[in-house]
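Open your viewer and get ready to select. Each stop below tells you what to pick and what is there.

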Amino acid sequence: MLNIFKKAQKNKYAIGAFNASNLEQLKGIIQAAQKTPSPIIISTSPGESKFVGKKQIRALIDAYKEETGLPLFLHLDHGKDLEIIKEAVEAGYDSIHFDGSELPFEENIKKTKEIAEFCRQNKVKNIEGELGYLRGKSEIHEEVEVKEEDLTKPEQAEEFIKGTGITSLAIAIGNIHGIVKGGNPHLNLDRLREIQEKVGDKAFLVLHGSSGTPEEDIKEAIKMGIVKINVNTDLRVAYTQALRQALQNNPEETAPYKIMPPVIEAVQKVVEERIQLFGSNN
Ligand code: G3H
Ligand code: ZN
């Protein structure tokens with residue numbers, strides 16, 4: 001995974017991390033990875049992991065890896081305590097995100113360091129920490145206001161990486177979780193440049209909350225060193241809209257395998273577009 005990040009960084013593209021919590025979403029994501037073709041990360045948040053089952057999603061991804069031969073990675077997204085991280089590591093997750101961003105800086109360093117050590121001892125290669133405050137959830141918002149104090153501070157980013165031993169860092173540069181009806185805020189690319197200057201090759205930079213983010217900002221952010229980009233709301237919206245439509249179109253249909261193909265296709269389409277935008281195709 002780290003080699004893939006290194007290659008992406010060198011060649012200025014990014015790897016998409018797509019959230020999934022059921023087989024249909026997973027199918028849509030994998031089909032897009034096959035078609036483009038592209039390495040991808042499948043992410044599950046604590047809620048999504050609980051719903052789908054950590055061992056179950058591991059087994060599904062193993063089956064798809066074997067069938068497709070693609071580099072597919074399983075990542076825990078926004079783990080907030082050691083308990084869930086232990087469960088994910090035990091289930092065989094390839095990559096762990098510990099989100100201590102709500103903690104005071106020193107405490108975030110201390111907890112992230114503990115978790116990074118635990119992950120390393122258990123042979124997890126990628127350990128993602130988070131610094132800065134990311135507003136919103138992966139849903140549709142009327143309005144979200146980003147404040148200056150939310151943004152990751154470049155000097156703290158450097159100190160955080162040194163103090164924790166993480167391999168990847170999720171940063172707040174004006175990005176938010178979810179889609180704002182009137183348009184998401186722009187990324188603060190000057191802040192990204194300042195962070196990148198401090199961080200250099202000490203860790204890979206991760207952009208959360210890409211749904212709704214202006215595409216030209218995403219392209220610039222990749223050129224400036226972002227190598228992993230998280231996508232969730234876009235997939236949730238595509239899934240639920242297509243499902244509502246499919247049920248409306250076939251009110252008498254009772255076979256799930258006849259109802260779900262357009263839903264899978266809708267997810268696949270979004271993932272294909274994102275892969276093209278991130279430049280990880282081929
Ligand atoms: O961790 C997941 C992502 O940050 C998702 O953000 O729902 O805005 O795409 P998004
Ligand atoms: Zn996130």
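How many residues does helix α6 have, and how far does it reach from its first C-alpha to its last? Select residues 105–121: α6 has 17 residues and reaches 24 Å, close to the 24 Å expected at 1.5 Å a residue. The expected span is 1.5 Å times one less than the number of residues. Helices (H or I, at least four residues) and strands (E, at least two) are DSSP runs, numbered from the N terminus.

This is a predicted model: local features need pLDDT of at least 70, side-chain atom pairs count only at pLDDT 80 or more, and totals for chains, interfaces and linings use all residues. Residues are numbered from 1 along each chain as written, chains are lettered from A and ligands numbered from 1 in written order, and side-chain values use heavy atoms, without hydrogens and water.

Stay on α6. Its buried residues include F105, I109 and F118. Buried means under 20% relative accessible area, exposed over 50%, partly exposed in between (1.4 Å probe, protein chains only). Just after α6, find K123, with a positive phi of about 65 degrees.

Next, select the zinc ion (ligand 2). Its protein donors are H78 (NE2), H177 (NE2) and H208 (ND1), lying 2.1 Å from it. Donors are N, O and S atoms within 2.8 Å of the metal (3.2 Å for Na, K and Ca); water is not among the atoms, so sites may look incomplete. H78 and H208 are both buried.

Finish at helix α1, residues 2–11. I4, F5 and A8 are buried there. On the face turned away from the buried side, pick out exposed N3, K6, K7 and K10. K12 follows α1, and its phi is positive, near 55 degrees.
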